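Have a look at the picture first, then read on.

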Amino acid sequence: MTKSIRNRQKSRLRWIAGMAAGVLAALSLPGLARAEDQKVELKLAHWLPPAHPLQKSVEAWAASIQADSHGSLTSVIFPAEQLGKAFDHYDLARDGIADVSFVNPGYQPGRFPILALSDLPFQYHDAKTGSAALDDWYRAYAAREMKDVHYCFAFMHDPGTLHTRRQVLMPADIRGLKLRPADATIGNFVTLLGGTNVQASAPAARDLLERRVADGIFFPWGSLVLFGIDKVVKYHIDANFYVTTFVWVINKARYEGLAPDQKAVIDAHCNADWAVRFASPWADFEVAGRAKVAAEPGQTILTLSPEQLKAWRDAAAPLHQDWAAAVKRAGADPDAIAKAFDASLVAHHAQY
C-alpha cells in the first residue's frame, strides 16, 4: 500500500470519527430531543377565553417546545375552563386531568402563603420587569409550596386597579361596598376597609356587576374591555393598585416520565425568560386598555394625589403583617423572604 493511499484512509477515518463525535455531541445538547424519543401529547389547560392575549402566548410557547423537541412534544390547548373551573386548575395538574395548567394561586386563599407576598398592593411598576422579579424570587420557594406539581414559571398581568359604579377616592369610601376582589389578598383588603367580597371568576364577573350583586371590581384595564365590564362600571382609580400572580405548573408524573432530552426542552421553557415573554403581549394589551376606557363617553379616570396614594398604602399595612403571620405559621421566615423579594424588585427595576 502506497503512502498516499494510507494517508487518504487515515484522513477518511478521522473524518468519520469527527462526524460521529459531532452527532453524539448534538444529541446531548440541552433542548434537543432525540429522534427516537417517544412522542408525547401535552394537555395545556387555562381558563381564559381564546380571544384573550394569553392564548397567543400559550400557542407560541407550545410551538417552541414542539420545535425544540423535534416534534416529540406536541400540545393540545384547552382554554375557557374546558377541563375544569378556574379555581381548580392547580388540582387539574396535580391529578393529571391536565398535563400543564395555568393557575391563579389567589383563587385558593391560604394554600400558598409565601407566594401571597406578590399579591400585596402597590408593589410593581409593570408586568414585564415585575414578572422577571417575581419568577427570580419565587424559584427558591416553589418546591416547598407546590411540592405535588412541577413548577414551571410565575408571571403577572400588568397592574390593575379598582373600577366602580360610584366614585371611590379614599380607603374610607370602600365601607359598605360589595366588590369582586382579584385574589384572596385583595379580598382581605376589602374586608379590612369595611367592604364585602363577592366572589366570581373573571369570566363570570360582568354578570355580578350587571345584576348589581357587586358595586365594583379589581381588574386590569385591557381585560375590563375584553370582558365587557367597562359597560357596567364608570369610575376608575388611576394607580398601580395590585397585580395578580399566575403560575404554570406541570403534572409531576408526566414531567418525570419524559425522556431526559425532553425534560431538557421543558426546563428550557420553564424559566424567567419565558415568564417575561409570556407576560409581555398580555402586558401590552392591558396597558392599551386604559386609553380605550378613557375614550369611552361617561367614563371617569380618577388620579390620586400623593397624599391620597399614601393613605391607600398606609391602609394596606395590616396586610403585610397578616402575610408575615401566615408565613410564620407555615414554618418559614417572613423577614428573610420579604428581604429577598425586595432585593429582586430592585435588581429588576420593578418597584412601584
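Helix α12 gives the most to the lining of the largest pocket, supplying six residues. Helices here are DSSP runs (H or I, at least four residues), as strands are (E, at least two), and they are numbered from the N terminus. The model is predicted, with local features needing pLDDT of at least 70 and side-chain atom pairs counting only at pLDDT 80 or more, while totals for chains, interfaces and linings use all residues. Residues are numbered from 1 along each chain as its sequence is written, and side-chain values use heavy atoms, with hydrogens and water left out.

**Pockets**

- A pocket is found on a 1 Å grid over the protein atoms alone: it is an open set of points with protein on both sides within 12 Å along at least five of seven lines, whereas a cavity is a set of points where a 1.4 Å probe fits but cannot get out. Lining residues have an atom within 4 Å of a point.
- The largest pocket holds about 370 Å³ of space, where a volume is the space filled by probe spheres set on grid points that are joined across faces, edges and corners.
- Its lining has 23 residues, and Gly110, Ala116, Ala184, Thr185 and Asn188 are the ones nearest the centre of the largest pocket.
- Both α6 (184-192) and α12 (306-329) supply at least two residues of the lining of the largest pocket.
- By class, twelve residues of the lining of the largest pocket are nonpolar, six are polar and five are charged. Nonpolar covers Ala, Val, Leu, Ile, Met, Phe, Trp, Tyr, Cys and Pro; charged covers Asp, Glu, Lys and Arg; the others, Gly among them, are polar.
- The second largest pocket has a volume of about 200 Å³.
- Of the 14 residues that line the second largest pocket, His125, Asp158, Pro159, Asn240 and Val287 lie nearest its centre. Two or more lining residues come from each of α4 (127-138) and α11 (272-295).
- Helix α11 gives the most to the lining of the second largest pocket, with five residues.
- The lining of the second largest pocket divides into five nonpolar, two polar and seven charged residues.

**Cavities**

- Two cavities of 30 Å³ or more are counted.
- The largest cavity has a volume of about 150 Å³. Its lining is made of 17 residues, with Trp47, His157, Ala202, Phe219 and Phe246 nearest the centre of the largest cavity.
- Eleven residues of the lining of the largest cavity are nonpolar, five are polar and one is charged.
- The second largest cavity has a volume of about 30 Å³. Residues lining the second largest cavity include Leu120, Phe122, Tyr124, Pro159 and Asn240.
- The lining of the second largest cavity has eight nonpolar, two polar and no charged residues.

**Helices that pack together**

- Two packed helices are described by the angle between their axes and the distance between the axes. Axes are lines fitted to C-alpha atoms, for helices over the stretch in contact, and angles run from 0 to 180 degrees between N-to-C directions.
- The axes of α4 and α11 come within 8 Å and cross at roughly 150 degrees. That makes α4 roughly antiparallel to α11, since angles over 145 degrees count as roughly antiparallel, under 35 as roughly parallel, 65 to 115 as roughly perpendicular and the rest as oblique.
- In the contact (heavy atoms within 4.5 Å), residues of α4 including Lys128 and Asp135 meet residues of α11 including Ala272 and Asp284. The contact of α4 with α11 divides into seven nonpolar, two polar and three charged residues.
- Helices α6 and α12 pack at an angle of about 110 degrees, with axes 10 Å apart, and are therefore roughly perpendicular to each other. Thr185, Asn188, Phe189 and Leu192 of α6 make this contact with Trp312, Ala315, Ala316, Pro318 and Leu319 of α12.
- Helices α12 and α13 (residues 334-347) pack at about 120 degrees, their axes 9 Å apart, and they are therefore oblique to each other.
- Trp323, Ala324, Val327 and Lys328 of α12 meet Pro334, Ile337 and Ala338 of α13. By class, the contact of α12 with α13 has six nonpolar, no polar and one charged residue.
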